[in-house]
Amino acid sequence: MTRLIRNPRIVALLVGGIVVFVAAMLVPLPSPQQMQEWAGTVGPLFPLLFFVVHALVTVAPVPRTVLTVSAGLLFGPALGIALAVSATTVSAALAILLVRALDRDRVAAHLTHPAVRAIDNRLERRGWLAVGSLRLIAFAPFSVINYCCGLSSIRFWPYMLATVFGILPGTVGTVILGDALTGGTHPAMLVVSAVCIAVGIIGLVVDARWTRTHEPAQAAVVTTPAQVSVPE
């Protein structure tokens, strides 16, 4: 505990958290509905600016959930979904192209987390199918999946198609939930959100069962001939 207190980064983080908390308590913040109304009065360039920021920021290892919720909160379900899906797709394209334009060994040296190895194994075995399953309500950060795909041999267009179909359920559901914070969301949209999130969960369950049943069988097919061919 004493070491943590002596660490200047930890101290700065604690102080910053306290300052933000105090500011949030003392400064009057606009309601979600007021924020959406303000976004509608800024002008037509604001959605374009949001799109550019979303696409560029999420190339870095920054959680995109905050931006996805913000899309629904600021622009409503229709425009919010269009912005979030398109910006996420562009971000995925930029990330894989950037990794492949750089020295792959240098990028790989920074990806040492055990979860990265698990993603690499899935990509090696299943290619674009793994991309789609990882994009559903994913257990791994969006940017890390992009980097791993850039280091793999997966082709660009199958990667992009799998990305679009994989992000749709979770993105649509999250944007609608963001819009629901304003209190003006039609109940039918909440049903759509629940269905989209359920589709993502079902997809993960099906993918997990497919992995357990098919991959051991594939491993057996690969290892059996090798065992037979060994001379006695």
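User: What does Phe50 touch, not counting residues up to four places away in sequence?
Analyst: In this predicted model, Phe50 touches Leu67, Ser70, Ala71, Leu74, Phe75 and Leu83 once residues up to four places away in sequence are set aside, a contact being heavy atoms within 4.5 Å. This is a predicted model, where local features need pLDDT of at least 70, side-chain atom pairs count only at pLDDT 80 or more, and totals for chains, interfaces and linings use all residues. Residues are numbered from 1 along each chain as its sequence is written, and side-chain values use heavy atoms, with hydrogens and water left out.

User: Which residues touch the most other members of the largest nonpolar core?
Analyst: Phe50, Leu74, Phe75 and Ile81 do, out of the 16 residues in that core. A nonpolar core here is a set of buried Ala, Val, Leu, Ile, Met, Phe, Trp, Tyr and Cys residues joined through side-chain atoms within 4.5 Å, where buried means under 20% relative accessible area, exposed over 50% and partly exposed in between, with a 1.4 Å probe and protein chains only.

User: And which elements give two or more residues to this core?
Analyst: Those are α4 (45-57), α5 and α10, and the largest share, 8 residues, comes from α5. Helices are DSSP runs of H or I with at least four residues, strands are E runs of at least two, and both are numbered from the N terminus. Apart from this core lies another of 12 residues, among them Ala92, Ile96, Ile154 and Met160.

User: Back to α5: what does it span between its end C-alpha atoms?
Analyst: Helix α5 (residues 65-101) spans only 27 Å, whereas a straight helix of 37 residues would span 54 Å at 1.5 Å a residue; the expected span is 1.5 Å times one less than the number of residues.

User: Where does α5 bend?
Analyst: The bend is at Gly76 and amounts to about 130 degrees, with a proline, Pro77, following within four residues. That angle is taken between axes fitted to the seven residues ending there and the seven starting there.

User: What else is in contact with Gly76 and Pro77, say from α10?
Analyst: Asp179, which is found in helix α10 (residues 156-180), is in contact with Gly76 and Pro77 as well as Gln36, Gly72, Leu73 and Thr185, leaving aside neighbours within four places in sequence.

User: Is Thr182 buried or exposed?
Analyst: Thr182 counts as buried because its relative accessibility is 11%, and it is found in the loop between α10 and α11 (187-228). Thr182 is in contact with Pro32, Gln33, Gln36 and Leu73, neighbours within four places in sequence aside. Thr182 and Gly76 are 106 residues apart in sequence and 9.1 Å apart in space, C-alpha to C-alpha.

User: Last topic, the whole chain: how many helices and strands are there?
Analyst: The protein chain has 11 helices and 0 strands, and buried residues make up 36% of its 232 residues. Among contacts with a separation of 6 or more, 77% are between residues 24 or more positions apart.
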